[in-house]
Amino acid sequence: DGINTLFSFAHTPFSTSEISIFVNGQLQTPPGLTDFQDYSVTGSNVFFTTGSTPEVGSLVLAIYNKVVS
């Protein structure tokens, strides 16, 4: 909807440092890489920063390994 900053993974990622998130095919800047980040991850939730909130109709894709128990 252009204002939603919270998205949830289907599964909890194995490591939050090994997640790639794409919005409309463009890789988003992960936490810790530069002074700016497009998102942060806590558990199975992704929080986009205000300036990086996906626009209405955007395709959000995440690549990660899930925890296996």
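Is Asn24 buried or exposed? I opened the notebook with this residue, keeping in mind that I am reading a predicted model. Asn24 turns out to be exposed, with a relative accessible area of 52%, which sits over the 50% that the term exposed requires. I then looked up where Asn24 lies, and found it in the loop between strand E2 (20-23) and strand E3 (26-27). I also checked the backbone there, and noted that phi of Asn24 is near 50 degrees, a positive value in a residue other than glycine.

**Overall chain**

I next listed the secondary structure, and the protein chain has 0 helices and 6 strands, so that from the N terminus on I wrote the elements down as β-β-β-β-β-β. For the overall dimensions I took the radius of gyration, which is 12 Å, in agreement with the value near 11 Å that a compact globule of 69 residues would have. Along the principal axes, the C-alpha atoms fill a box of roughly 35 × 25 × 20 Å. I noted an accessible surface of about 4,700 Å² for the protein chain, with 53% of that area belonging to carbon and sulfur atoms, and I recorded that 22% of the 69 residues count as buried. Looking at contacts with a separation of 6 or more, I found that 65% of them come from residues 24 or more positions apart.

**Sheet with E2**

I followed E2 into its sheet, an open one in which 3 strands stand in the order E3-E2-E6 with antiparallel pairing. E3 and strand E6 (60-63) are at the edges, and because each has a single partner strand, one side of each is left without a neighbour in the sheet. Between E2 and E6, which run antiparallel, I counted 4 bridges, and I saw Ser20 standing opposite Ile63 in E6.

**Sheet with E1**

What is the strand order in the other open sheet of 3 strands that I looked up? The order is E1-E5-E4, and the pairing is antiparallel. Here E1 and strand E4 (39-42) stand at the edges, each with a single partner strand, so one side of each lacks a neighbour in the sheet. I noted that neighbouring strands of this sheet are turned by 25 degrees against each other on average, direction ignored. E1 pairs with strand E5 (residues 45-48) in the antiparallel sense, and 3 bridges hold that pairing on my list.

With 28% relative accessibility, Phe7 counts as partly exposed, while Phe48 is buried at a relative accessible area of 5%.

**Aromatic pairs**

How many aromatic pairs does a search of the whole structure find? The search gives 3. Phe7 and Phe48 form an edge-to-face aromatic pair, 5.5 Å centre to centre and with 85 degrees between the planes. This pair links distant parts of the chain, with Phe7 in strand E1 and Phe48 in strand E5, 41 residues apart.

How values were computed: Residues numbered from 1 in each chain as written. Predicted model: local features only at pLDDT ≥ 70, side-chain atom pairs only at ≥ 80, totals over all residues. Heavy atoms only, no water. Helix = DSSP H or I, 4+ residues; strand = E, 2+ residues; numbered from the N terminus. Buried < 20%, exposed > 50% of the residue type's maximum accessible area, 1.4 Å probe, protein only. Pairing = 2+ DSSP bridges. Rg over C-alpha atoms; globule rule 2.2 N^0.38 Å. Contact = heavy atoms within 4.5 Å. Areas by Shrake-Rupley, 256 points an atom, 1.4 Å probe, with all protein chains shown as cover. Axes fitted to C-alpha atoms, helices over the stretch in contact; angles between N-to-C directions. Phe/Tyr/Trp six-rings, centres within 6.5 Å; stacked < 30°, edge-to-face > 60°.
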